[in-house]
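Please open the model in a viewer and keep the selection tool at hand.

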Amino acid sequence: MAPSKGHNKQLAEHAYRVRRNAVLMGEVQGQGYIAQALDIADVLATAYFHAMRYRPDDPEWEGRDRFLLSNGHYAIALYAALIEAGIIPQEELETYGSDESRLPMSGMASYTPGMEMSGGSLGVGMSIAVGMALGLKRKKSDSRVYILFSDGELDEGAVWEAMMSAAHYKLDNIIAVVDVNNQQADGPSTQVMAFEPLVDKLKAFGWFVQRIDGNDLDAVVDAFDAAKDHPEPKPRIIVADTLMGKGVPFLEAREKNHFIRVDAHEWQLALAALEEGRRA
Amino acid sequence: MKPAAPQPSGKPRLTTSAMIASIAGDGQKTRPAPFGHALVEAAKSRPEILGMTADLGKYTDLHIFGQAFPDRYYQMGMAEQLLFGAASGLAAEGFTPFATTYAVFATRRAYDFIHQTIAEEDRNVKIVCALPGLTSGYGPSHQAAEDIALMRAMPNMTVIDPCDAHEIEQVVPAIAAHRGPVYMRLLRGQVPVVLDEYGYTFELGKAKTLRDGNDVLIISSGLLTMRALEAAKELAADRIGVSVLHVPTIKPLDAETILREAGKSGRMVVVAENHTVVGGLGEAVAGLLMRSGVHPTFRQIGLPDEFLAAGALPTLHDRYGISTSAISAKLKEWLSR
């Protein structure tokens, strides 16, 4: 483990606001992949407020780092981060999942500023990442491709095809994060299809691998830094163990939380729990 | 149920010979690898063109491009989903990938990747696929009898079925200049040259009359246009006038020209395609005619809705009715009723 840098207050505040945005969007719909948004908020806050290069007023700036959301159902989390990053206006939050909205429930490239791919059909993102990383190298660009995908996507063979090719082409400009929250549609991911020992598998596929507590901001910051600085010409991946519903204790405790329904009065309780965690 | 072993017939039987049997007739004029050479030409003035394949460079003529531009050629391994997802990523970065494999693997194995990462995202990827329809005697694993049905059902996708080397050489620069996803059926290896005799030029989205006749209008694409022209010559000897309307762009369909030609009175309309009768050019034309209130006598020549047999290609083309002699016989039968 890298030595702790101490609590990064500014980053924690961004992570709080990403969670808060996600809960507010969840309230619009009354349901959603809110537990995933809460578990990945620390990773997204670190990506958008520590690691990545972008211009909020020019989401398609050529010099930007690309962020690919392979697990399109995490759109609520990415919108929350894009709002916090100033790429999507705060007032659009209340349109989430509504007719005519630029913020559909599943992320699509054609709808949303800052959304680089159409997810939803799980397992396609890593292939796109390979192509983008090849393209950036062709252009002699130093921009990176960040890609977030979920542990359930590890069941998809195409993810492994793409990971094999990323190592083959020495795509050291890819920084992947796999969210291991151990929950997919039919139950705990490790029970649906055993994917451990994951670190060994990824190393054997030729990747530079780090496994961290994805809800420990200091660890997330260190992992992104190490992924950027690593000298070997290998693609980089961070295996982020996360807790579904992180930051809202009654959601953390909910057993079946892949797609949760939250009673109307609970949204305020969730916001209050986040606020409480922020002060702590 | 598996068939019984064949009985000795005393006659030599044709063999499957190769996965990619030649579609050229005996003594027919051909040119080698027209796609590969045309892509090299197009790439000289278009630095954004890249070549990508899934372990089928040699079998899609893309190796010609790979030899000319080794640093613009990507071998993605035997992984078609990766091939098309990565092509989408390269297109997102401003390049124009020509991604090649066999038609079965693109349209059946990687359909969702093409649908989501290329068509839905409107990426400028050219999907170029060998062994379209029935051009392999290998059996259903390599026979893309339904590739057009699958690809024309996909929004945003342009679908092209060229007839010969002369046309392929014109399609390549045209689709390189066209902004948007394209599916192109590929004839590879020694490819017949036919359309130069007809003064033909390819235009994206245009159907063109290759010959005129008063008894039958054949509307065809790809390999079957070549066969239709041969059948038309045979029938001319019997004083049967056959018009051939070549429709290389199956989507978007040239509705204006098809309606004009099919609307001329007194001609039986026959759609001929190297594809299952389900969901291809035949049904596309039938739907267009019905919707437009044009009601000629209508017939279809195409592959049956069944898993096709393995065997020698000439045998299979005869059996399934897409050889020149089978087409001629069918037209005579229909006209005599």
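Helices and strands here are DSSP runs, a helix having at least four residues, and they are numbered from the N terminus. The model is a predicted one.

**Stop 1: the interface of chains A and B**

Select both chains and display the residues in contact. On chain B, 21 residues are in contact with 20 residues of chain A. Helix 3 (80-92) and helix 5 (111-119) of chain B are the elements that give two or more residues to the side of chain B that touches chain A. Helix 3 of chain B provides the largest share of that side, nine residues. Coloured by class, the side of chain B that touches chain A shows ten nonpolar, seven polar and four charged residues.

**Stop 2**

Remain with helix 3 of chain B for a moment. Its end C-alpha atoms are 18 Å apart, in agreement with the 18 Å that its 13 residues should span at 1.5 Å a residue. Because 13 of the 13 residues of helix 3 of chain B are buried, this helix is largely enclosed by the rest of the structure. B:Gly94, with a positive phi near 100°, follows helix 3 of chain B.

**Stop 3: helix 5 of chain A and the residue after it**

Select residues 157-168 of chain A. This is helix 5, with twelve residues and a reach of 17 Å from its first C-alpha to its last, close to the 16 Å expected. Its buried residues include A:Val159, A:Glu161, A:Met163 and A:Ser165. The buried residues of helix 5 of chain A pack against helix 4 and strand 4 (174-180) of chain A, together with helix 3 of chain B.

Now move to A:Lys170, which follows helix 5 of chain A and has a positive phi, near 50°. A:Lys170 lies in the loop that leads from helix 5 to strand 4 of chain A. With 14 other C-beta atoms within 10 Å, A:Lys170 is partly exposed.

Compare A:Lys140, in the loop between helix 4 and strand 3 (145-150) of chain A. Its phi is also positive, near 55°. A:Lys140 is exposed, with 6 other C-beta atoms within 10 Å.

**Stop 4: A:Asn181**

Select A:Asn181, in the loop between strand 4 and helix 6 (189-192) of chain A. Is A:Asn181 buried or exposed? A:Asn181 is buried, as 26 other C-beta atoms lie within 10 Å. Leaving aside neighbours within four places in sequence, A:Asn181 is in contact with A:Gln36, A:Asp39, A:Asp151, A:Thr242 and A:Met244.

**Stop 5: two cis peptide bonds**

Most peptide bonds are trans. Select A:Glu196 and A:Pro197, which are joined by a cis peptide bond with omega about 0°. A:Pro197 lies in the loop between helix 6 and helix 7 (198-204) of chain A. Finally, in chain B, the peptide bond from B:Lys251 to B:Pro252 is cis, with omega near 0°. B:Pro252 belongs to the loop between strand 12 (249-251) and helix 9 (255-262) of chain B.

Conventions: Residues numbered from 1 in each chain as written. Chains lettered and ligands numbered in written order. Predicted model: local features only at pLDDT ≥ 70, side-chain atom pairs only at ≥ 80, totals over all residues. Contact = placed C-beta atoms within 7 Å. Nonpolar A, V, L, I, M, F, W, Y, C, P; charged D, E, K, R; others polar. Expected span 1.5 Å × (residues − 1). Buried ≥ 20, exposed ≤ 12 C-beta atoms within 10 Å, placed from the backbone.
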